[in-house]
Amino acid sequence: MEKRAIFRSAWLPYLLVAPQIAVTIIFFFLPAVQAVWYSFQVQDAFGNDTQFVWFENFAAIFHDEAYLNSFEVTAVFSLLVAVLGLAISLLLATMADRVLRGALAYRTLLIWPYAVAPAVAGVLWAFLFSPSIGVVSFLLGKMGIDWNWVLRGDQAMLLVVMAATWKQISYNFLFFLAGLQSIPRSLIEAAAIDGAGPTRRFWTIVFPLLSPTTFFLLVVNVVYAFFDTFGVIDATTFGGPAQATNILVYKVYFDGVKAADLGGSSAQSVVLMIIVITLTVIQFRFVEKKVNY
Amino acid sequence: MVQNRPWVTFCSHAILILGVLLVAFPLYVTFVASTHTLEEILSVPMPLTPGTHLWENYAQVLRSGSTRGAAAPVGRMMFNSLVMALVIAFGKIAISIVASFAIVYFRFPLRRTFFWMIFITLMLPVEVRIIPTYKVVSDLGMLNSYVGLTLPLIASATATFLFRQFFLTIPDELAEAARMDGAGPMRFFFDVLLPLSATSIAALFVIQFIYGWNQYLWPLLITSDESMYTAVIGIKRMIVGGDALTEWQLVMATAMLAMIPPAIVVLLMQKWFVKGLVDTEK
């Protein structure tokens, strides 16, 4: 879509886009290009000697057990966060859409975690499930479950998944509710007259009509699980125990900042960039076309 | 409601209430923990009703932070968070709205190039370019400063898109009429476009305020000086490792304090926020 009525000026539009473009170049393009540049280099421990090594860093990370493990961890983690987050919030949104009384009150009560920082969410859940002082781990202990995420990888994963999902439920819920409320009532009424019960109506009418929202949220949630959950991990498990929760973005940070492996970390950054770009392109392709029946 | 099925309605309410409880439980425990002494929290299981040390704990963190971890007053940290959130929110809105104005209402060489440059930033979250961005900011001497905390996060493809989408829906006649009456582009921008954009601005403000307030990785990297910590970083730095060593009552009081401002913003502006969220992404 283009505008017909336009203003003319030789310099004004440049002045108007200048701040945005300046920030974009200095803090987005420059660093991104540098990341690519570093990813082709190896530096010695003191940063004095730099060698250009082409794709050696990439070859190295893809032969690194820890990195491949991190891929697997990220896949499991983001799949769990996205699927659990979407399922729970869809259930809640469907229920909130059904009830006549109190829908707004429920929305207000469910919106809260959106305001909570991922790192703070991590701290809260780590506290609840703390092996020594946590309330929930105490109850689990009473029930005979040995809960110690500090030592056990699967439990650590479960903890970060819970914290990350909890934080994201509000966001998904808001979108699902808005999507549900935009479905024409007449369609659902027609199905009801034809004798379809609530479950049947949901799966044959509501769910397919909701597919653009669901798909959009799926991509958003995967991106969220890939990047924004850095705070959750850093506030709880630090990627441990034994790398069980070491997601890709945490590994980039750890290798680059803590272990000072510039080349390796940059190569990982480049891989991550490729992943985000792919996800964004997929998202826009589908949003344009609208996944629909 | 299509059919009246009391049993299903009852179930819906039950599920919703369960959901609300699940969402609220961690927040409730946080509140309770912030009102007890460390001894009470460490006595497993900790009490689940509010204690009597609320005032004491909050006053302690606000004035002087924790004694074993970060010792900067949380009052100061909250001020830093507030500066960061406000500058990012207003900064993003300001630079995006003028950029979209130029892109929609002017024809000029490089227009498409600029548009795509902004578009691509959508694909490069801070997390994937941590070290080079850190280097740029450190070379510019912006470590431990408000400029360093905010400026690199201020470019926003999301806001630019939202405004662009919105401007495209404004009838061309408005701009034509304004031009006919002799208004220049900036006059049109301030007198027509800006007032029309009020709702979008309000919605974006909520989204970006929360984005700014909740930043974690970036302030973690570039603030080493305790007086520049944001509230979220402060919480993290108060956890010193080892459940018995950390002053949990203070951590939880700080967590409550760190959650209150964004929560207030969300609740007060709920209507616009919901509209904005749903419109921005689609």
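Colleague: What span should helix α7 (residues 153–181) of chain A have at 1.5 Å a residue?

Modeller: The rule is 1.5 Å times one less than the number of residues. For the 29 residues of α7(A) that should give 42 Å, and the end C-alpha atoms are 41 Å apart, so the two agree. Helices here are DSSP runs (H or I, at least four residues), strands are E runs of at least two, and both are numbered from the N terminus.

Bear in mind that this is a predicted model: local features need pLDDT of at least 70, side-chain atom pairs count only at pLDDT 80 or more, and totals for chains, interfaces and linings use all residues. Residues are numbered from 1 along each chain as its sequence is written, while chains are lettered from A and ligands numbered from 1 in the order in which they are written.

Colleague: Where does α7(A) bend?

Modeller: A bend is the angle between axes fitted to the seven residues ending at a position and the seven starting there. In α7(A) there's one of about 35° at Gln168(A).

Colleague: Is α7(A) mostly covered or mostly open?

Modeller: Count neighbours: a residue is buried if 20 or more other C-beta atoms (placed from the backbone) lie within 10 Å of its own, exposed if 12 or fewer, and partly exposed in between. By that count α7(A) is mostly covered, with 22 of its 29 residues buried.

Colleague: How is helix α11 (residues 198–213) of chain B placed, and what is its span?

Modeller: Its 16 residues should span 22 Å, and the end C-alpha atoms are 22 Å apart, which agrees. Twelve of the 16 are buried, so α11(B) is largely enclosed by the rest of the structure. Among those buried residues are Phe205(B), Gln208(B), Phe209(B) and Trp213(B).

Colleague: Which residues does Ile205(A) touch?

Modeller: Contact means C-beta atoms, placed from the backbone, within 7 Å. Leaving out residues up to four places away in sequence, Ile205(A) touches Leu187(A), Ile188(A) and Ala191(A). You'll find Ile205(A) in helix α9 (residues 198–209) of chain A, and it is partly exposed because it has 19 other C-beta atoms within 10 Å. Its C-alpha atom is 7.3 Å from that of Ile188(A), 17 residues apart along the chain.

Colleague: What radius of gyration does chain B have?

Modeller: Chain B has 24 Å, whereas a compact globule of 282 residues would be near 19 Å. Its C-alpha atoms fill a box of roughly 75 × 65 × 30 Å along the principal axes. The chain contains 15 helices and zero strands.

Colleague: How many residues of chain B are in contact with chain A?

Modeller: On the chain B side 85 residues take part, against 83 of chain A. Helix α1 (residues 6–33) of chain B supplies the largest share of the chain B side, 13 residues. That side divides into 63 nonpolar, twelve polar and ten charged residues. Here Ala, Val, Leu, Ile, Met, Phe, Trp, Tyr, Cys and Pro count as nonpolar, Asp, Glu, Lys and Arg as charged, and the others, Gly among them, as polar.

Colleague: Which loop holds Leu110(B)?

Modeller: Leu110(B) lies between α4 and α5 (111–121) of chain B. Although not a glycine, Leu110(B) has a positive phi of about 75°. It counts as exposed because it has 12 C-beta neighbours inside 10 Å.

How values were computed
Contact = placed C-beta atoms within 7 Å. Rg over C-alpha atoms; globule rule 2.2 N^0.38 Å.
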